[in-house]
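This briefing concerns charged side chains and their partners. Please consult the sequence and the structure shown here.

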Amino acid sequence: MMKTECAGRYMPVILVSILFLMSCNAVKEDRRSCPCTLSVVLEGLPAYPVWVYVNGAPTGEAAGDTTLVVWVERGPEADVAVFAGAPPGEDGTVRVSYGSSCPPLYTFIGRADCSGETGSLTVKMHRQFSVLHLELEGPGSWGSPYWAEVRGCSAGLDSADGSPLPGDFHCRLGPDYACRLPRQRPRDPLWLDIAMADGVIRSFPLGEYLTASAYDWEAPDLEDIRLSVNLSISEISMSTDLWRTVIPLEIVI
């Protein structure tokens with residue numbers, strides 16, 4: 001009788017212990033399947049709105065240095081892309097409209113370790129545009145009714161890898177003779193046109209001049225371009241900080 005009573009007393013304790021062990025195992029399994037809490041640290045941002053994408057999906061916006069916390073599926077890595085100046089369109093590309101200057105575009109494209117419960121990635125933005133400053137010297141024939149235009153073969157970025165996006169780039173320089181150029185592919189032609197109401201008067205292979213001056217279109221951060229153009233009766237002199245050429249004039253502007 002005593003043995004039966006003792007067994008009855010210990011049975012609830014044994015059942016509780018079994019249930020507790022089962023619950024611990026369940027918790028461990030759930031933890032392994034939990035998402036990763038990813039902290040995207042945004043520092044040193046340009047003074048433009050910022051859009052953040054994780055694994056191709058928009059996850060947040062920012063307007064200054066901050067940290068965005070994103071929950072992503074646990075896995076080896078997550079793709080992180082950050083854009084300032086302009087966000088990608090529905091097709092996943094950042095396009096420069098024909099006839100427009102490139103927006104002040106900065107990007108970051110990288111991967112974050114998301115194999116654990118938490119992960120962190122510090123973003124460093126890179127400059128994807130170059131400002132062309134055209135300095136004109138010579139006779140007073142510059143200015144109205146003349147103007148300058150730039151034409152290229154890349155007009156945006158592929159948001160997947162940040163590579164230049166093929167397309168027709170065309171921008172008329174403003175009154176200050178400046179224009180933002182999007183990142184170009186090194187071997188693509190880039191032209192500087194001098195035009196008036198009747199059309200283009202003369203075209204110059206700006207891409208070749210930049211190659212001669214060792215300009216690097218593949219640098220992480222593009223540098224500005226300052227091109228000095230000196231017009232005389234018989235020739236045009238063009239120069240950058242590291243390069244100079246003289247072009248005889250067949251048509252006097």
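Arg-183 is buried yet takes part in no salt bridge, and Asp-216, the nearest side chain of opposite charge, is 6.5 Å away. Buried denotes a relative accessible area under 20%, exposed one over 50%, and partly exposed the range in between (1.4 Å probe, protein chains only). A salt bridge requires a side-chain nitrogen of Lys or Arg within 4 Å of a carboxyl oxygen of Asp or Glu; Lys and Arg count as positive, Asp and Glu as negative, while His and the chain ends are not counted.

The model is predicted: local features need pLDDT of at least 70 and side-chain atom pairs pLDDT 80 or more, whereas totals for chains, interfaces and linings use all residues. Residues are numbered from 1 along each chain as its sequence is written, and side-chain values use heavy atoms, without hydrogens and water.

**Surroundings of Arg-183**

- Arg-183 lies in the loop between strand 13 (178-182) and strand 14 (191-196); helices (H or I, at least four residues) and strands (E, at least two) are DSSP runs numbered from the N terminus.
- The side chain of Arg-183 makes a polar contact with that of Gln-128 at 2.7 Å. Such a contact is a pair of N or O atoms within 3.5 Å; within protein, one must be able to donate a hydrogen and the other to accept it, and residues adjacent in sequence count only if both atoms are side-chain atoms.
- A polar atom of the Arg-183 side chain lies 3.5 Å from the backbone oxygen of Arg-127.
- Leaving aside neighbours within four places in sequence, the residues in contact with Arg-183 (heavy atoms within 4.5 Å) include Ser-154, Leu-157, Pro-164, Trp-217 and Glu-218.

**Salt bridges elsewhere**

- The structure holds six salt bridges.
- Arg-127 and Asp-224 meet through their side chains in a salt bridge of 2.9 Å, N to O. This pair links distant parts of the chain, 97 residues apart: Arg-127 is in strand 9 (residues 126-127), and Asp-224 is in the loop between helix 2 (206-212) and strand 16 (225-231).
- Arg-127 counts as buried at 16% relative accessibility, whereas Asp-224 is partly exposed at 36%.
- Asp-193 forms a salt bridge with Arg-151, with the closest N and O atoms 2.5 Å apart. Strand 14 holds Asp-193 and strand 11 (residues 147-158) holds Arg-151, 42 residues apart.
- Asp-193 is buried at 1% relative accessibility, and Arg-151 is partly exposed at 31%.

**A salt-bridge network**

- Glu-77, Asp-79 and Arg-111 are linked in a network of salt bridges.
- Within it, the closest N and O atoms of Arg-111 and Glu-77 are 3.5 Å apart.
- Arg-111 is exposed, at 55% relative accessible area, and Glu-77 is partly exposed, at 49%.
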